[in-house]
Each structure stands twice: as structure tokens, then as C-alpha cells.
Amino acid sequence: MDEKDLVAALTARGETVATAESLTAGLVCATLARVPGASAVLRGGLVVYATELKAVLAGVSAELLAEHGAVHPEVAAQLAEGAREKCGATWGLGLTGVAGPSAQDGVAPGTVHVGLAGPGTRTVRTLALDGDRDLIRTESVLAAFALLGEHLA
């Protein structure tokens, strides 16, 4: 599902979405906001690029971050839950990963975790992407849209 389809589906359902984004640094929100009518469904987002902001702004467990680092499936799940809660949205998307070109905390570039939290839903999709920073970030946004779209279909 692309951004236009997501906005249409959320609008039809009377639901909203919010994000907590690390490697995409707001790109999910920015892409959704390009769609006319997005203001009816896009609550907002948290750009939590720095590790400590994942805890401070999105409510990710500081212990989890200390033990596993910022790029971990449970971090993505907690980012999604934090976005949903902090922004008062039906759905929360959380993205964390390594866009490259270098590894981060021993995690290879292209490793991305996309979390989704919503009514009766808490799931994470892990990706192994190839390409440069821009391609990895773009593919991460598309993966987030696909994951949410599957739960709206």
C-alpha cells in the first residue's frame, strides 16, 4: 500500500497514525503529509535519531537500549507503542536500523526493524536491505507502509 492508499484507508476507517523514527528521521511522516487530506489521519511523529531520545521521548526501556543497543526488534516495537501513546493515535509505527555506510554497534548496514502497534496488534518486521543510505531509508518507509497496510486490508 502506498501513502495515498494508506491515507484513504485510514480515513475510511476513522483511524489515525503516528511514528517514532530513527534511521528515517521523519521521512515516514513527511511522505504521508504529501498526500492531500493527510491531516485527518496523521497525528504526528517523534524523530528519535539519538539513542537516549528513544527512551526520553518515545518511552523505550533504557535497560533494553543499554543491553541490546538501539537497533533491535524490541526497540522497534516499543517505538511503535510510544508513538501511538504519546501522539494519541490508533496506530503507531516505529523504525530503527542502520542506513550505513558503516555498521552501528556491530549491526550491519541495511538491518532495519519496523514495529507496528495498534488495536490488538504488536508486531515487528526485520529487513536486510541492500543499497546506499537513501535507498535503505526509502525502502524502510515503504516497508512501514506495507506493514500498516496489511493490518488495514
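Biologist: In which strand is V47 found?

Modeller: The model before us is predicted. V47 is found in strand β2.

Biologist: Is V47 buried, partly exposed or exposed?

Modeller: Burial is read from relative accessible area, with buried meaning under 20% and exposed over 50%. V47 has a relative accessibility of 41%, so it counts as partly exposed. Leaving aside neighbours within four places in sequence, V47 is in contact with E21, A25, G26, L53 and L57. The C-alpha atoms of V47 and E21 are separated by 5.0 Å, although the two residues are 26 apart along the chain.

Biologist: In what sense do β4 and β5 pair, and over how many bridges?

Modeller: Strand β4, residues 111-118, pairs with β5 in the antiparallel sense over eight bridges. Within this pairing V114 stands opposite R125, and V112 has L127 as its bridge partner. The two strands form a hairpin with two residues between them, and G120 in the turn has a positive phi of about 65°. β4 also runs antiparallel to β3, to which six bridges join it; G92 has A117 of β4 as its bridge partner.

Biologist: How many residues of β4 are buried?

Modeller: Eight of the eight are buried, so β4 is largely enclosed by the rest of the structure. T111, H113, G115 and A117 point one way from the strand, while V112, V114, L116 and G118 point the other way; all are buried.

Biologist: Which residues of α5 are buried?

Modeller: An α-helix has 3.6 residues a turn, so residues three or four places apart point the same way. In α5, the buried residues are V75, A76, A77, Q78, L79, A80, G82, A83 and C87. Just after the helix, G88 takes a positive phi of about 65°.

Biologist: How does one describe the packing of two helices, and at what angle do α1 and α6 cross?

Modeller: Two packed helices are described by the angle between their axes and the distance between the axes. The axes of α1 and helix α6 (residues 133-152) come within 10 Å and cross at roughly 35°. This crossing of α1 and α6 is left-handed. From α1, E3, L6, A9, L10 and R13 meet F145, L148, G149, H151 and L152 in α6. By class, the contact has six nonpolar, two polar and two charged residues.

Biologist: Is E3 buried or exposed?

Modeller: E3, which lies in helix α1 (residues 3-13), is buried, with a relative accessible area of 14%. Not counting residues up to four places away in sequence, E3 touches T31, L32, R34, V35 and F145.

Biologist: What is the relative accessible area of I136, and which residues are in contact with it?

Modeller: I136 lies in helix α6 and is buried, with a relative accessible area of 1%. Leaving aside neighbours within four places in sequence, I136 is in contact with L23, V98, A99, G110, V112, L129, D130 and G131. The C-alpha atoms of I136 and M1, 135 residues apart along the chain, are separated by 18 Å.

Key
Residues numbered from 1 in each chain as written. Predicted model: local features only at pLDDT ≥ 70, side-chain atom pairs only at ≥ 80, totals over all residues. Heavy atoms only, no water. Pairing = 2+ DSSP bridges. Helix = DSSP H or I, 4+ residues; strand = E, 2+ residues; numbered from the N terminus. Buried < 20%, exposed > 50% of the residue type's maximum accessible area, 1.4 Å probe, protein only. Contact = heavy atoms within 4.5 Å. Axes fitted to C-alpha atoms, helices over the stretch in contact; angles between N-to-C directions. Left-handed = near helix turned anticlockwise from the far one by under 90°. Nonpolar A, V, L, I, M, F, W, Y, C, P; charged D, E, K, R; others polar.
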